[in-house]
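Subject: The structure for you to look at

Dear colleague,

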Amino acid sequence: MMFHFADPYFLGFILVIPILVFFRSRYAKAPEIKVSALFDTHWDQPFFPVFAIKCLSCLKYAALVFLIIALARPQWGEKKRMVVTRGINIVLALDLSESMAAFDFKLDKQIVTRLDAVKAVVSRFITKREGDRIGMVVFGSKAYTQIPLTRDYNTIAFLLENLEIGAAGPSTAVGDAIGISLKRLEDIESKSNIIILLTDGKSNSGSLSPQAAAEIAAQRGVRIYTIGVGKTGRAPFLVKDPLFGERYVYQRVETDLESLEYIADITGGEFFTAGDTQTLDKIYKIIDRMEKTEVKVKEWADYTDLYVWFVLPGFVLLALYVVLSNTRFLRVP
């Protein structure tokens, strides 16, 4: 909410009033009455009618001030913004296979799983987007839609935070994840469609091969950014043993980087590898800069005119001045 004047240049006339008062008080000749007397006459106290006549002039100037302010059109209201954009369609394809449980990432100086690191970085990526529709596909042994394309970023962030390892099965179906993502991109037409595919494992499940899925994406003009998370080799996993309690066990994890690079190349995207949280964060920042939406902003104002609150007092004061100056305080030259 804000207050402003629609025609503020009229307020300049208020500066004329002090000039009029100055010249009137300096050059105007005060009325005099000559009387015969044997001694000097004067009043110790101001004569009330003379004082009232001087105050009467204040009514005139006050009326002028109110009317000038009314001419400037005071308004109270608010400015509104409307973002007009077709936006970009972005599908986040996230791996929830069991290998994402490896404790080889650091987040705020704490050792966390690969999935926890991904959640934190992707959440920051989502908050930076404006006007884009974002959907989320998760995959393991199978792939399914976690949330369709939407601009409800709060809901996306909530669902992202509640993702659990193994929810889609223990294996990795990269091809199916791309296939489901392509279906989601068909839901809403857009000038640009991209998939950000993040996985730490080799595709070993699903009915559609990653190469075949990538070729379909290329035919449809969908760019795929692929991110290989973690390092190939032995990684620590937390195991809850009923006899020995919780302990870390090292298991071998393999990532098919060649397939991820092929998917990115054939679709016109980019291929990245991230072995730590900082690198992963930089990758999403790079994608954020590369895939910016042209946002057009329309602004308009919704104001209520307040001039009537100044016109009425102005006319009342002016009428009072005219009546009093021609009746009770009539001046005869």
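What follows is a short account of the salt bridges.

Please keep in mind that this is a predicted model, in which local features need pLDDT of at least 70 and side-chain atom pairs count only at pLDDT 80 or more, while totals for chains, interfaces and linings use all residues. Residues are numbered from 1 along each chain as its sequence is written, and side-chain values use heavy atoms, with hydrogens and water left out.

A search of the whole structure gives 10 salt bridges, the term meaning a side-chain nitrogen of Lys or Arg within 4 Å of a carboxyl oxygen of Asp or Glu.

One of them joins Arg129 to Asp132, with the closest N and O atoms 2.8 Å apart. Arg129 also meets Asp288 in a salt bridge, at 2.7 Å from N to O. This second pair links distant parts of the chain, 159 residues apart, since Asp288 lies in helix H8 (residues 277-290) and Arg129 in the loop between helix H3 (114-128) and strand E6 (133-139); helices (H or I, at least four residues) and strands (E, at least two) are DSSP runs, numbered from the N terminus. Asp132 is buried at 1% relative accessible area, and Arg129 is buried at 5%, where buried means under 20%, exposed over 50% and partly exposed in between (1.4 Å probe, protein chains only).

Another salt bridge pairs Arg73 with Asp305 at 3.5 Å, N to O. Arg73 is partly exposed at 32%, and Asp305 is partly exposed at 31%.

Best wishes
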